[in-house]
Amino acid sequence: MSTAAIVSNNAPSVSATAKQPSFVRRLFANRGFRATSLRDIADEAQISKAALYYHFPNTAELSERVVIQSLDALVQRVAADVARAGTP
């Protein structure tokens, strides 16, 4: 996995969300936010810790990015479902 997959500044489309680093969410869910280090994330992404630190100086900033991407994807899915449903 590349750092680009983790650090995309663009609001993710539904298809881009599928490429989003779900492993970061999984690590936070399995180990807990406080117990997950940037080293753990870098190892899982198969990138250097320095490359990850370049984009995220701490896990809080990475967590914020993951939450925002997840919420953006949810909003997009809901909007698409509403658009498909039409008016009652």
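**Reading salt bridges and a surface patch**

Guide: Let us begin with Arg39, which is partly exposed at a relative accessible area of 37%. Buried means under 20% relative accessible area, exposed over 50%, and partly exposed in between (1.4 Å probe, protein chains only). This is a predicted model, in which local features need pLDDT of at least 70, side-chain atom pairs count only at pLDDT 80 or more, and totals for chains, interfaces and linings use all residues. Residues are numbered from 1 along each chain as its sequence is written, and side-chain values use heavy atoms, leaving out hydrogens and water.

Visitor: With which side chain does Arg39 meet in a salt bridge?

Guide: Side chains of opposite charge can pair when their charged atoms come close. A salt bridge is a side-chain nitrogen of Lys or Arg within 4 Å of a carboxyl oxygen of Asp or Glu. Here the partner of Arg39 is Asp43, at 3.0 Å from N to O. Both residues lie in helix H4, four residues apart, about one turn of the helix. Helices (H or I, at least four residues) are DSSP runs, numbered from the N terminus. Asp43 counts as partly exposed, at 45% relative accessibility.

Visitor: How many salt bridges does the structure hold?

Guide: The structure holds four salt bridges. One of them joins the side chains of Arg26 and Glu44, at 2.6 Å from N to O. This pair links distant parts of the chain, for Arg26 is in helix H3 (residues 22-31) and Glu44 is in helix H4 (residues 38-45), 18 residues apart. Arg26 is partly exposed, with a relative accessible area of 38%, and Glu44 is partly exposed as well, at 36%.

Visitor: Which residue does Asp81 meet in a salt bridge?

Guide: The side chain of Asp81 meets that of Arg84, at 2.1 Å from N to O. They are three residues apart in helix H6 (residues 59-85), so about one helical turn separates Asp81 from Arg84. Asp81 is partly exposed, with a relative accessible area of 43%, whereas Arg84 is exposed, at 62%.

Visitor: Which residues form a nonpolar patch on the surface?

Guide: A nonpolar patch joins side chains (Val, Leu, Ile, Met, Phe, Trp, Tyr) within 5 Å, from residues with over 30% relative accessible area and no salt bridge. Here Val67, Leu71, Leu74, Val78 and Val82 form such a patch, with about 430 Å² of accessible area together; such areas come from the Shrake-Rupley method with a 1.4 Å probe.

Visitor: Is Val82 buried or exposed?

Guide: Val82 is exposed, with a relative accessible area of 55%, and is found in helix H6.

Conventions: Helices (H or I, at least four residues) and strands (E, at least two) are DSSP runs, numbered from the N terminus. Patches are made of residues with over 30% relative accessible area and no salt bridge: like charges are joined within 9 Å, nonpolar side chains (Val, Leu, Ile, Met, Phe, Trp, Tyr) within 5 Å.
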